[in-house]
Amino acid sequence: MRNMRLIVQGAAVLALGVAAAGCSSIKDHRGYIVDEVLVSSVQPGVDNKQSVERTLGRPTFTSAYGKQTWYYVSQNTQQKPFNRPRTSDQNILVINFDAKNNVTSLSREGMEKVARLSPESDKTDTLGRDRSFFQDLFGNIGAVGAVPGGGQGQAPGGTGPNGS
């Protein structure tokens, strides 16, 4: 009887532990791993694109327009059970270059660049016709291969390359 009671208590503690573990948050790191010693070794007016790439590695992304800029993005995220991951910390290292590919400035940005989007509905407004499911499904029946003018047995009479 005493052994059965210990087994039941042990199973209850084990079940409680498993349930508590399922409710814990998942922490994750995404992107560039910042090494402060390497970042502090990059100097404006001294380094160029090649030396920055050798020191810090390839950037997360680069600017497509405007002045030449490299971005090294690092994010820490947390995800509570049954929810989407949320950014808890972000660090963006921004390196600007001049026309000769020399470093002109380094700056850091953080959580102020994180945008939280919350859509209000499951439907996106678009331009054009509002068609039902069945209109989309059956709307083109009879439209493919139809003879212009609706006549039967007549040759196409348009000015296009195939007479349409």
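## Basis and overall fold

A contact here means heavy atoms within 4.5 Å. Residues 24 or more positions apart account for 44% of the contacts in the protein chain that have a separation of 6 or more. The model is predicted: local features need pLDDT of at least 70, side-chain atom pairs count only at pLDDT 80 or more, and totals for chains, interfaces and linings use all residues. Residues are numbered from 1 along each chain as its sequence is written, and side-chain values use heavy atoms, with hydrogens and water left out.

The protein chain contains four helices and five strands, taken as DSSP runs numbered from the N terminus (helices: H or I, at least four residues; strands: E, at least two). Along the sequence their pattern is α-β-α-α-β-β-β-β-α.

## Surface and burial

The protein chain has an accessible surface of about 13300 Å², and carbon and sulfur atoms hold 55% of it; these areas come from the Shrake-Rupley method with a 1.4 Å probe, and for residues only the protein chains shown count as cover. Of the 164 residues, 16% count as buried. Buried means under 20% relative accessible area, exposed means over 50%, and partly exposed lies in between (1.4 Å probe, protein chains only).

## The largest nonpolar core

In soluble globular proteins, nonpolar side chains tend to be buried together. A nonpolar core is a set of buried Ala, Val, Leu, Ile, Met, Phe, Trp, Tyr and Cys residues joined through side-chain atoms within 4.5 Å. The largest one has 11 residues in all: Tyr32, Val39, Val42, Val52, Leu56, Trp70, Tyr72, Leu93, Ile95, Phe97 and Val103. Two or more residues of this core come from each of α3 (49-56), β3 and β4, and β4 gives the most, with three residues.

Leaving aside residues up to four places away in sequence, valine 52 touches Val42, Asp47, Gly57, Trp70, Tyr72, Ile95, Phe97 and Val103.

## Aromatic pairs

Five aromatic pairs are found in the whole structure. Rings of Phe, Tyr and Trp (its six-membered ring) pair if their centres lie within 6.5 Å; planes under 30 degrees apart count as stacked, over 60 as edge-to-face and the rest as tilted. Tryptophan 70 and phenylalanine 97 form an edge-to-face pair, 5.0 Å centre to centre with 65° between the planes. This pair links distant parts of the chain, 27 residues apart: tryptophan 70 is in strand β3 (residues 68-79) and phenylalanine 97 in strand β4 (residues 86-97). Both residues are buried.

Phenylalanine 133 and phenylalanine 134 also form an edge-to-face pair, at 5.2 Å centre to centre and 75° between the planes. Both phenylalanine 133 and phenylalanine 134 are exposed. Phe133, Phe134 and Phe138 form one aromatic cluster.

Glutamine 90 lies in strand β4 and is buried, with a relative accessible area of 8%.
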